[in-house]
Amino acid sequence: MVLAAGHRPCACCRRGDFVRFMECSQEAVPCKERWTAAHVDAVLHSERYAKDGQNILRTATLETLPHGVTVALDIVTTHDTLPDCWLKWEGQLHRWSHCG
């Protein structure tokens, strides 16, 4: 889910994943110097935000998204407006919030 959100693995609490992510970044986009966390963060940030600071939104069909991705939806029912953040898991959408 983290990578789908445009973040890299934490270098402290997910060290093995971070090291592998950095190796893959270096392999995918070689540069003269080794990639650093700051370099990766800058690239990821540039992919999430336009030059004017606006968030870049992308659209996709649910079927093309991996399990664990969170998505924003604008759904209005006859009863209420539902939360706009959803988690895709095992082919279904589940309401998502920081509270669980």
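This is a predicted model: local features need pLDDT of at least 70, side-chain atom pairs count only at pLDDT 80 or more; totals for chains, interfaces and linings use all residues.
I started at S25, which counts as buried at 12% relative accessibility. By the cut-offs I use, buried is under 20% relative accessible area, exposed is over 50%, and partly exposed lies in between (1.4 Å probe, protein chains only). S25 sits in helix α1. Helices (H or I, at least four residues) and strands (E, at least two) are DSSP runs, numbered from the N terminus.

Residues are numbered from 1 along each chain as its sequence is written, and side-chain values use heavy atoms, with hydrogens and water left out.

**Entry: the whole chain**

I went through the elements and got 2 helices and 3 strands. Along the sequence they come in the pattern α-α-β-β-β. Of the 100 residues in the protein chain, 17% are buried. I also looked up the surface: the chain exposes about 7,900 Å², and carbon and sulfur atoms supply 57% of that. The areas come from the Shrake-Rupley method with a 1.4 Å probe, and for residues only the protein chains shown count as cover. For contacts (heavy atoms within 4.5 Å), I took the pairs at least 6 apart in sequence, and 20% of these join residues at least 24 apart.

**Entry: helix α1**

α1 runs over residues 15-28, which is 14 residues. I get 20 Å from its first C-alpha to its last, close to the 20 Å expected at 1.5 Å a residue; the expected span is 1.5 Å times one less than the number of residues.

Which residues of α1 are buried? I find F18, F21, M22, S25 and Q26. They all lie on the same side of α1, because they cover an arc of only 135 degrees around the axis. That arc is taken from the directions from the helix axis to the C-beta atoms. On the other side of α1, I see G16, E27 and A28 exposed. The cover over the buried residues includes α2 (37-48).

**Entry: the core**

I looked for the largest nonpolar core next, and it has 6 residues: F18, F21, M22, W35, V40 and L44. α1 and α2 each supply at least two residues of this core, and α1 gives the most, with 3. For the record, a nonpolar core is a set of buried Ala, Val, Leu, Ile, Met, Phe, Trp, Tyr and Cys residues joined through side-chain atoms within 4.5 Å.

V40 is in helix α2. Buried or exposed? V40 is buried, at a relative accessible area of 2%. Leaving aside its neighbours within four places in sequence, V40 is in contact with R8, F21, M22, S25 and W35. I also checked V40 against H7, 33 residues apart along the chain: their C-alpha atoms are separated by 9.0 Å.

Back to S25: not counting residues up to four places away in sequence, S25 touches W35 and V40. With that exclusion, M22 touches W35, T36, A37 and V40.

**Entry: the strands**

Over to the β part. β1 (residues 70-72) and β2 pair in the antiparallel sense over 3 bridges; I call two strands paired if DSSP finds at least two bridges between them. T70 stands opposite L87 in β2. β2 and β3 pair in the antiparallel sense too, over 4 bridges, with W89 standing opposite Q92 in β3.

What lies between the strands in the hairpin of β2 and β3? I find 2 residues there, and E90 takes a positive phi near 50 degrees. G91 is also in the loop between β2 (85-89) and β3 (92-95). At 47% relative accessibility, G91 counts as partly exposed.
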